[in-house]
Amino acid sequence: MSEQQSVALQLAVQLMRRESPTPDDGNCQLFIARKLAPLGFVQVSVNVGGITNSIYAREGEKEGVLAFAGHTDVVPTGPVEAWDFPPFDAVVQDGILHGRGAQDMKGGIACWMAAVMQLCSTFEPLPTLQILITSDEEGDSVDGTVRIVEYLQAENKLPDAVIVGEPSSSKQVGDVIRRGRRGVVQVAMTFNGKQGHSAYPDDADNAIHQAMQPLADIASIDWGEAVDGFPATSCQITNLNAGTGATNVIPGVAETFLDIRYNPTNSFEAIQARIQQCCEGVDVNLDFRHEAQVFSTPDGKFLDMVCDAIQSTTGITTNRDTGGGTSDGRFLAAAGVPVAELGLTNSTIHQVNEQVAVHELDILTDIYTKIITTFEA
Ligand SMILES: [Zn+2]
């Protein structure tokens, strides 16, 4: 085992032992600052609303600014007694590192740190490096990476590109990167009628009946095709609640909820317009939420460089994917920064017994090293 590889494992263990369920940081970011300070990294804290956010930056010896983005918070453990090893002990056994955050994503942060620490000691000219870390990725993400991006924009310090260290890989490290994510629109719909006795329908207005035609229309909207590596836009009715429980009462209110995952052929505004169209002439309150903006990094120099780094390190040909839920990459992409998500495998994320093979940490460290050394603005 080479020295840098064991560094990644050591760092992962030390981060995982700092318990940090969202929005807690568990002093992980202080730990990172102490490790990076001797290499010339300066930490700026952008703490908002109880969230711990850090920007670590090191002036480069060559052109360009390359950022790494990640999070120190982790999802809850679930029942601790169900774990084979205590979730915050970071036990290594038979080549496996066990514990919360192993894959998502203290392991990934450790690999980037190990790559940087090793490179800074070689005196090789490096680009300017930024490491952007929040403790609010798994939560509401209201005061997390978005605040970091606001700060960088105000200071005119946005990076030229960013690697997001989320566990993007499927079967082996580097087989999948994410170059975009679908957007999310959610709609709470309240249909208003008038409650009454079912034997006297003339004195009432059935909210369920009101809802049926609009919902049928919404469910049959043609949202268009899959595009550019994205699946087609999908709209699902996820909740439908009405009725008092009594069998002889006409309900005065029906509540439904829509969850829409959209690709770049759609937009929040267009989706809003389509839903409103289906509800014309109906007494309904529509509460639209744009939970996540769609983003897509076009094929080109940056993604090619990332995939070449994976290929030359591992021999793997990478699938440039856009699946999965949302990620903090969207905030950087919205600011115009090319985004590639590249991290460990994701087989046990958010599960009881989250774990990662130690050799994955070594491979990812090698890939990150290659990316940092071959990056050009
Ligand atoms: Zn994550």
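# Questions on a predicted model

Trainee: At a relative accessibility of 13%, does C120 count as buried or exposed?

Mentor: The model is a predicted one. The cut-off for a buried residue is a relative accessible area under 20%. The relative accessibility of C120 is 13%, so C120 counts as buried.

Trainee: How far from C120 is the nearest cysteine sulfur?

Mentor: The structure holds 0 disulfides. C120 is accordingly in no disulfide. Its nearest cysteine sulfur belongs to C111, and the distance is 16 Å.

Trainee: Which residues of α7 are buried?

Mentor: Helix α7 covers residues 301–314, and its 14 residues reach 20 Å from the first C-alpha to the last, close to the 20 Å expected. The cover over its buried residues includes β3, β7, β8, β17, β18 and α9. The buried residues themselves are F302, L303, M305, V306, C307, A309 and I310.

Trainee: How far apart are the end C-alpha atoms of α9?

Mentor: Helix α9 is among the elements that cover the buried residues of α7. Its own buried residues include V358, L361, L364, Y368 and I372. At 1.5 Å a residue, the 17 residues of α9 should span 24 Å, and this agrees with the distance between its end C-alpha atoms, which is 25 Å.

Trainee: Which residues coordinate the zinc ion?

Mentor: Along the chain, the donors follow the spacing H-x32-D-x61-E. D104 lies in the loop between β5 and α3, whereas E166 lies in the loop between β7 and β8, so that this pair, 62 residues apart, links distant parts of the chain. D104 and E166 are both buried. With distances of 1.9 to 2.8 Å, the ion is coordinated by H71 (NE2), D104 (OD) and, through two OE entries, E166.

Trainee: What is the arrangement of the 4 donor atoms around the zinc ion?

Mentor: Four donors count as tetrahedral if all angles lie between 85 and 135 degrees. Here the angles run from 51 to 147 degrees, which makes the arrangement irregular.

Trainee: Which peptide bond from D104 is cis?

Mentor: D104 is one of the residues that coordinate the zinc ion. M105 has its place in the loop between β5 and α3. With omega near -15 degrees, the cis peptide bond runs from D104 to M105.

Trainee: Where is P23, whose peptide bond from T22 is cis?

Mentor: The peptide bond from T22 to P23 has omega near 5 degrees. P23 itself has its place in the loop between α1 and α2.

Trainee: Is S141 buried or exposed?

Mentor: S141 lies in the loop between β6 and α4. Its phi is near 55 degrees, a positive value in a residue other than glycine. The relative accessible area of S141 is 9%, so this residue is buried.

Trainee: Which residues does T145 touch, not counting those up to four places away in sequence?

Mentor: T145 lies in helix α4, which covers residues 145–154. It counts as buried, at 5% relative accessibility. The residues it touches are T134, D328, F331 and L332.

Trainee: What distance separates the centres of domain 1 and domain 2?

Mentor: Domain 1 takes in 3–181 and 294–374, and domain 2 takes in 183–292. Taken over C-alpha atoms, the distance between their centres is 38 Å. The contact takes 9 residues from domain 1 and 11 residues from domain 2.

Trainee: What distance separates the C-alpha atoms of E291 and V185?

Mentor: E291 has its place in strand β15, and it is partly exposed, with a relative accessible area of 38%. Leaving aside neighbours within four places in sequence, E291 is in contact with V184, Q186 and R330. E291 and V185 are 106 residues apart along the chain, and their C-alpha atoms are separated by 5.6 Å.

Terms used: Residues numbered from 1 in each chain as written. Predicted model: local features only at pLDDT ≥ 70, side-chain atom pairs only at ≥ 80, totals over all residues. Heavy atoms only, no water. Donors = N, O, S within 2.8 Å, 3.2 Å for Na, K, Ca; no water. Tetrahedral: all angles 85-135°; square planar, octahedral: opposite > 155°, others 65-115°. Helix = DSSP H or I, 4+ residues; strand = E, 2+ residues; numbered from the N terminus. Buried < 20%, exposed > 50% of the residue type's maximum accessible area, 1.4 Å probe, protein only. Disulfide = S-S within 2.5 Å. Expected span 1.5 Å × (residues − 1). Contact = heavy atoms within 4.5 Å. Domains from an automatic or database assignment.
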